[in-house]
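I wanted to see where the annotated residues sit and what surrounds them.

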Amino acid sequence: MLNTTSEQQKQINIAYIGGGSRGWAWRLMTDLALEKDLSGTVRLYDIDFEAAKTNEVIGNKLSSKPEIVGKWKYVAVESLDEALYGADFIIISILPGTFEEMYSDVHAPEKYGIYQSVGDTTGPGGLIRGLRTVPMYVEFAEAIKRNCPDAWVINYTNPMAICLKALYEVFPKIKAFGCCHEVFGTQKLLTEVVKEFLGEEREISRREIKVNVLGINHFTWFDKASYKTHDLFPLYKEFVHKYYEEGFEKTKGLWEKDYFASANRVKFDLFKRFGLIAAAGDRHLAEFVPYIYLRDKETVYKWKFNLTPVEWRIKHREELIKLSKEYASDQKEVPLNPSGEEGVMQMKAILGLDTLVTNVNLPNMGQIPNLPIGAIVETNAVFTHDDVRPVYAGKLPSDLASIMTRHISNQELIVKAALEKDLNLAKRAFLNDPAVERLPQNKAEQLFDEMINNTKKYLAYLGL
């Protein structure tokens, strides 16, 4: 049980699994530096120990600045047990495998006419990524049970549902939830609706947009959205009608230059089809219904979003490595801007310093009655002292629920395949994916074998 005395708030222990990360780690550091009510120690664990050591230097340099109100000690550690022992909070943000495996996830299916805009959640890439991720999460769950069974676990790694399902399967009493900022982007889009149709001139925070969240990670929806006394659904309907063909961007044409941008046309089309507001980015949403938006590259271009090539991610990582050296050597300073993530706010609420309502991924205990019990679903939850309680979100439209149930079944079959060391179960999930099913059986099996071979070193535990 977490103690919330003033002294305890100054002695918080955070274990960061993936603590050598470039980007996510710096976001956490800046958010902690800007929070005056918390301080303590962050233990950085990463299979790349040198990267964790670099982040140790960066974090401690940041914390030593006199203007910083949140004082933390950063320590790189060499073992998972050392990171976790006595932790109050655990953050997991890892890359499951290398860019070589990710290249296969995203690009191997293209030879068979299957296109993926992200390849980290569903589709052939997301499922194979999930298969190699589960054994890592088995190790994490067992180590958490051994070292800090009462700690709260915040997961940022994708595939979100597969990661969390593995944690709960191995350690059912674990206190874990998953965070995703996709919903935030849709709240920001709704602030544009408010400005356009309600004439609000001041800058509106996305937190002023009140929403009911329901769905599964990256295929998440709003069935209610309001601003003050205004129901935003009628206004959003007008907004969609106005911008349906052209799309909507604050910076016109950005989607053609930025792999992560879109014109929101997939969102708008899904609203017309299902009557709810799709609450993730177009790149993620498209992968759950690939037969509509990912038939070929021409179709993707028509809907004004992008296929993100792994070559770009490799180049970007090189830039981040260079940047980490510059931060560590004081050639550059880490920008002290809030990240927009809510991890620190969540920790404050769990410590009893605040109350927070936000969207997270948790096992379904009935918060979405027409999705399978125990499946990892995304809804709002209330954060209070040592408690994260999902909000009853209600039922999904039956057609949307049926789409989600299929993806849930495939994700859970991947977890089962990994836990039972049964590649045939993994193949069944793979062949049942909507992007794969249109291939002839022999071609689909050929693709599965190729992708398994490309990630083989991470599946040695299966006896391959």
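I looked up His218 and found it in the loop between strand E7 (209–216) and strand E8 (219–227). The model is predicted. I noted 3% relative accessibility for His218, which counts as buried because the cut-off is under 20%.

I then listed the contacts of His218, leaving aside neighbours within four places in sequence: Asp120, Thr121, Asn158, Cys180, Glu182, Ala280, His284, Leu285, Phe288 and Glu378. With Thr121 there is a polar contact, side chain to side chain, at 2.8 Å.

I checked the record next. The unreviewed UniProt entry carries a "binding site" annotation that covers Cys180 and His218. These residues span 39 residues in sequence, yet no two of their C-alpha atoms are more than 8.2 Å apart, so they gather at one spot.

I placed Cys180 in the loop between strand E6 (175–178) and helix H8 (182–198). Cys180 has 10% relative accessibility and counts as buried. Outside four places in sequence, I found Cys180 in contact with Asn217, His218, Asn359 and Glu378.

Last, I turned to the nonpolar cores. The largest has 100 residues, and Ile90 and Phe177 touch the most other members. Helix H6 (residues 123–147) gives the most to this core, with 11 residues. Another core, of 58 residues, lies apart from it and includes Val193, Ile292, Val300 and Met404.

For Ile90 I wrote down the contacts beyond four places in sequence: Ala15, Ile17, Leu84, Ile144, Cys148, Ala151, Trp152, Val153 and Ile154.

Notes: Residues are numbered from 1 along each chain as its sequence is written. This is a predicted model: local features need pLDDT of at least 70, side-chain atom pairs count only at pLDDT 80 or more; totals for chains, interfaces and linings use all residues. Side-chain values use heavy atoms; hydrogens and water are left out. UniProt positions are given in the numbering used here, feature names are shortened, and annotations may be inferred rather than shown by experiment. Helices (H or I, at least four residues) and strands (E, at least two) are DSSP runs, numbered from the N terminus. Buried means under 20% relative accessible area, exposed over 50%, partly exposed in between (1.4 Å probe, protein chains only). Contact means heavy atoms within 4.5 Å. A polar contact is a pair of N or O atoms within 3.5 Å; within protein, one must be able to donate a hydrogen and the other to accept it, and residues adjacent in sequence count only if both atoms are side-chain atoms. A nonpolar core is a set of buried Ala, Val, Leu, Ile, Met, Phe, Trp, Tyr and Cys residues joined through side-chain atoms within 4.5 Å.
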